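Q: Please take a close look at one part of this model, the interface between the two chains. Which residues and contacts build it?

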Protein chains: 2
Amino acid sequence: MRTGIATVCLSGTLKEKMQACAIAGFDGIEIFEQDLVTSPLTPEDVRKMAADLGLTLDLYQPFRDFDSVSEDLLVANLRRAEAKFKLMARLGMDTVLVCSNVATASIDSDDLRVEQLGQLAALAGDHGVKVAYEALAWGKYVNDYEHAHKLVEAVDHPNLGTCLDSFHILSRNWDTAPIEAFNPEKIFFVQVADAPKLSMDVLSWSRHYRVFPGEGQFELAKFMGHVVRAGYSGPVSLEIFNDVFRQSDVERTAVDAMRSLIWLEEQSAKWLDAASTGATGADGTQAPGRRRYPMELATLPQVAEPAGYNFAEVRAADTQGLETVLGQLGFEFNGRHRTKDVQLWSLGHARVIINEAAPADGHDPSADASPAIAAPAIGALGFDVASPVIAAARAQQLKAPAVPRKSQANEEVFQGFAAPDSTEIFLCQGTSDGTAAWTSEFGEGLENPAAGPAAVIDHVNLAQPWQHFDEAVLFYTSALALEPQPFAEVPSPTGLVRSQVMATGDRAVRLVLNLAPLNQQRKTYQEHIAFAVDDLVATARDCRARGLEFLQIPANYYEDLDARFGLAPDFLATLQALNLLYDRDADGEFLHFYTATVGSVFFEMVERRGAYDGYGAPNAPVRHAVQYDHLQHR
Amino acid sequence: MRTGIATVCLSGTLKEKMQACAIAGFDGIEIFEQDLVTSPLTPEDVRKMAADLGLTLDLYQPFRDFDSVSEDLLVANLRRAEAKFKLMARLGMDTVLVCSNVATASIDSDDLRVEQLGQLAALAGDHGVKVAYEALAWGKYVNDYEHAHKLVEAVDHPNLGTCLDSFHILSRNWDTAPIEAFNPEKIFFVQVADAPKLSMDVLSWSRHYRVFPGEGQFELAKFMGHVVRAGYSGPVSLEIFNDVFRQSDVERTAVDAMRSLIWLEEQSAKWLDAASTGATGADGTQAPGRRRYPMELATLPQVAEPAGYNFAEVRAADTQGLETVLGQLGFEFNGRHRTKDVQLWSLGHARVIINEAAPADGHDPSADASPAIAAPAIGALGFDVASPVIAAARAQQLKAPAVPRKSQANEEVFQGFAAPDSTEIFLCQGTSDGTAAWTSEFGEGLENPAAGPAAVIDHVNLAQPWQHFDEAVLFYTSALALEPQPFAEVPSPTGLVRSQVMATGDRAVRLVLNLAPLNQQRKTYQEHIAFAVDDLVATARDCRARGLEFLQIPANYYEDLDARFGLAPDFLATLQALNLLYDRDADGEFLHFYTATVGSVFFEMVERRGAYDGYGAPNAPVRHAVQYDHLQHR
């Protein structure tokens with residue numbers, strides 16, 4: 001699959017954009033007119049730079065408001081088009097995007113459009129230019145891709161084809177199956193964009209909220225499947241208008257973009273395979289569907305979803321506070337590593353590593369290079385996977401930045417990469433009994449999960465920098481095979497917190513990505529690790545006996561709980577006495593408590609009853625408010 | 001008018017919110033349930049604190065999903081309601097908001113609703129509670145305020161009335177005139193919220209995009225006029241769900257909120273006056289409409305829109321660069337002030353003051369306390385008004401923070417206040433010939449506008465911190481009588497820039513508020529002052545002869561200009577040779593150029609031909625791109 005991206009997706013100057021696209025590995029780019037008009041580079045400079053960078057210049061865009069106009073306006077539009085065709089010759093470009101008219105269209109006649117597009121095609125032919133005509137979702141008379149294609153067919157000129165843009169098609173809920181019947185010669189270009197399903201006017205939706213494939217909710221693999229089946233083999237190019245991407249680091253965004261196409265390519269191949277099940281080749285054997293189409297779809301190393309958390313690592317220059325809290329939570333100290341300055345603590349199968357290093361190079365949710373936080377912060381997560389090598393290879397192909405982990409001889413080598421928020425993700429060899437071989441590298445006493453309570457890491461909650469929230473969703477989807485769940489918004493005293501759960505189907509891994517309010521990104525920012533136990537009340541009593549500092553829940557909360565659920569008085573009194581929070585839904589019940597915060601980390605203990613699948617979202621505002629109050633007074 | 005605000009409008013803890021409301025001068029508050037539930041304050045604490053702060057506790061809210069339910073759910077809901085009624089007794093509150101059911105409603109029967117609301121009213125009566133029933137715009141069966149009122153009338157119980165919320169009414173475009181016919185005894189509460197007119201689902205619109213009155217596009221004065229005419233005299237309370245306000249400084253936001261009600265009160269009185277024109281009192285004389293209603297509407301000192309800019313002030317520790325640019329632009333140096341470290345420069349009637357002080361205490365568009373910028377920045381603007389004293393009194397009543405300007409004997413005393421972005425606004429005595437008396441305080445030579453070219457300040461472009469953009473719109477509307485124009489969005493290499501023009505009807509004052517992309521707030525942030533001249537080409541030639549450094553416009557721009565407008569070759573060549581930008585629309589033409597940036601300030605020279613009323617918006621991306629490129633390389 002030939003990959004492309006429109007320069008409008010990225011921040012910076014045209015030069016910076018082109019360089020970032022080359023570094024990210026794109027085959028070609030679309031040049032957005034404004035990026036050229038505002039650039040000090042001449043068209044010849046751009047042509048040479050693209051050649052030097054190994055980028056093809058696939059599409060000049062957009063040419064607006066051409067068709068459905070009066071005769072005098074047509075003359076002006078043809079003049080304008082000719083100027084652009086000449087410019088394209090200097091750029092060495094041969095394809096231009098012409099959008100259906102939204103502004104100056106005054107005549108609703110397909111005959112007239114055929115006539116006018118025919119004139120444009122003839123002019124384009126004179127200049128060796130191919131015109132890709134696209135139906136904008138909000139086009140005045142032409143807003144349906146089949147309508148645009150019908151016009152192209154009617155004109156029947158070799159220099160006129162259509163451009164298919166997934167946003168314009170899927171935002172209108174047009175059926176994509178008819179694409180398969182299109183003459184591939186007439187599909188001049190394909191643009192892909194994803195988007196969250198929003199209920200708003202389609203123009204605003206398109207201009208501000210598009211995201212890269214895998215970061216939204218459109219059925220893009222299916223769209224691409226139809227395109228591939230039609231026989232199209234040209235570039236598949238991203239055209240994403242997004243307020244955040246426009247502000248973000250250009251190289252980071254270009255990599256995020258490239259990852260989305262690599263992922264889409266794989267998903268499209270899978271869709272084709274699934275759709276062609278039962279189809280047989282000429283020799284009578286079953287043939288993978290994608291093999292029979294002109295577009296080649298590359299594959300990635302395949303991974304299943306992770307089987308669980310292997311460990312969570314907290315970094316701290318001063319480890320005293322962490323050690324105290326873990327001890328009070330009932331964790332056992334399993335010793336120090338043979339060669340590294342790290343400690344291992346465990347409770348059942350839940351393992352926490354304390355890395356005795358300041359988290360300066362670790363997780364940094366801030367946009368700017370802020371001063372290193374010496375206080376404890378979550379630095380790394382380990383996941384149990386079937387094959388760490390395959391999973392690492394997949395992540396690498398998805399352009400996840402590898403992180404080195406120094407190892408001595410006879411020590412397990414972790415395959416690792418950095419998540420968008422710079423949390424380090426390590427891929428560990430899962431075992432059927434939930435143990436981890438690497439724990440033998442720790443000194444005094446191996447972990448002995450059978451001896452302690454049956455605890456596991458239930459979920460980890462990471463704060464995301466605002467520029468990298470969407471990127472993180474695609475990252476965990478593509479590199480770690482987690483599935484995004486419907487997101488929630490939680491009120492906090494400093495703003496709404498957007499909360500996106502990524503999870504495996506069996507919920508063995510639950511990872512919560514929180515988009516903190518902008519004002520909170522660098523100050524009151526907190527993350528946590530939650531452990532699941534069988535009997536939270538007993539656990540809480542034990543923790544209290546060991547002197548744990550619980551997050552203090554206001555009495556008002558318990559009154560409200562009683563008003564909402566009508567709990568048995570004894571049970572309610574127990575909850576209140578132990579600072580436990582409670583939630584209930586149709587699937588089951590949820591009990592949980594939080595510890596006080598150490599640095600920017602706190603811990604949660606949870607008990608899931610029945611099939612409860614949530615996180616106590618109704619209680620999150622209480623947690624935020626109490627933590628905020630503590631921060632104000634510490 | 002009794003003023004109120006719901007605690008959900010503000011950031012912080014309940015205690016912080018209450019304190020901020022008291023400081024801002026609110027009469028009372030609505031307590032949003034979550035703010036109490038998450039608070040360590042007992043209900044008795046809250047009651048005492050409110051009394052100490054002089055705040056009434058007007059409404060407990062919200063009670064959700066009561067009506068239209070099955071019998072067993074009704075029992076649970078009544079139980080839940082009774083718990084809240086008991087809580088309200090402890091708080092000393094007597095009114096609760098009950099919203100029409102959105103979630104658990106299963107039976108669409110007005111008879112059933114009358115029956116169930118009747119039971120609720122009876123229970124409320126037992127506890128001395130008044131239930132204000134409100135139709136949510138997205139209520140499942142009840143989403144129209146007239147429907148809610150009809151149910152209230154049918155129940156006919158002294159403890160059941162309705163709550164009118166402007167958002168729920170105006171977002172659905174319901175006619176507000178029928179409110180006048182309501183029995184005022186049955187209107188238990190009135191909530192006001194403004195909003196920009198967005199085309200999106202009403203729930204998302206309501207939860208994220210409400211703004212304070214005067215910051216959106218709803219006809220609130222008319223809504224309030226009908227409420228007043230109905231005979232309602234209770235609290236008028238703000239209920240604003242806004243993602244930005246929730247993150248902003250609580251005291252600042254509370255003042256912004258209070259300003260919006262003061263302004264709304266005045267606008268409502270004006271609407272009533274206008275609506276009652278022609279009505280005569282009992283004695284045969286014309287009576288102002290508002291006098292005849294139970295709700296008293298206070299008035300403010302009245303001001304007309306400013307007649308023009310009196311001056312613009314730039315602050316700089318090092319003034320050399322500014323002096324050079326102003327000189328090259330043709331400005332005359334009119335000397336130093338007798339007693340202050342400021343210089344006066346003028347070109348025609350355009351006056352620029354250079355304040356030889358670092359702009360540390362001046363305009364700071366950043367959210368955080370960032371290091372003081374020693375480089376030049378716009379610090380103050382002077383406006384010609386009919387009566388500076390009256391205008392200052394009005395601004396003060398609108399809670400604009402006064403700024404002191406030290407003066408010696410025999411010097412003109414400027415009335416001044418700080419705008420939301422901390423630019424200082426000074427109110428000057430306008431003169432019919434465009435001169436300013438205070439210029440006599442400057443040493444060497446009075447200004448002599450007749451001698452120079454006929455220049456004026458055309459517009460000033462200020463960057464706004466993201467937390468205070470909406471606040472700024474209301475501020476300039478209410479305190480300075482500027483009118484918000486439709487906003488534009490301009491692409492820049494670091495993101496979209498939202499651009500909001502505030503102007504007088506005659507366009508003598510044009511002030512452009514730019515919401516810079518988040519990443520640009522503290523770094524590449526630039527503002528400018530634009531001067532209008534009669535002959536831009538001649539001015540540009542003179543400036544070039546004086547060695548002015550123009551912002552260099554790329555050649556590609558002129559090619560595109562030619563493609564778009566088909567300009568005469570000579571004219572196009574002149575534009576290009578002088579780095580002039582060009583725009584044209586149905587009203588006229590616009591020529592302009594920019595200087596290089598000094599510190600965070602640059603200047604623009606414009607010529608308006610015909611009735612052109614814009615700012616060359618199609619050229620703004622070029623300006624942003626070239627400035628960005630310079631910043632990258634300096």
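A: In the interface, 59 residues of chain B are in contact with 59 residues of chain A, contact meaning heavy atoms within 4.5 Å. This is a predicted model: local features need pLDDT of at least 70, side-chain atom pairs count only at pLDDT 80 or more, and totals for chains, interfaces and linings use all residues. Residues are numbered from 1 along each chain as its sequence is written, chains are lettered from A in the order in which they are written, and side-chain values use heavy atoms, with hydrogens and water left out.

Now the area. About 4400 Å² is buried between chain B and chain A. That is the accessible area (1.4 Å probe) that the two parts lose on being put together, summed over both. Carbon and sulfur atoms give 49% of it.

The rule finds six salt bridges across the interface (a side-chain nitrogen of Lys or Arg within 4 Å of a carboxyl oxygen of Asp or Glu). A:Glu559 forms a salt bridge with B:Arg90. Their closest N and O atoms are 2.7 Å apart.

Several elements of chain B each supply at least two residues of the side that touches chain A. Among them are helix H4 (71–91), strand E19 (495–503) and helix H17 (620–633). Helices (H or I, at least four residues) and strands (E, at least two) are DSSP runs, numbered from the N terminus.

By class, this side of chain B has 23 nonpolar, 18 polar and 18 charged residues. Asp, Glu, Lys and Arg count as charged; Ala, Val, Leu, Ile, Met, Phe, Trp, Tyr, Cys and Pro as nonpolar; the others, Gly among them, as polar.
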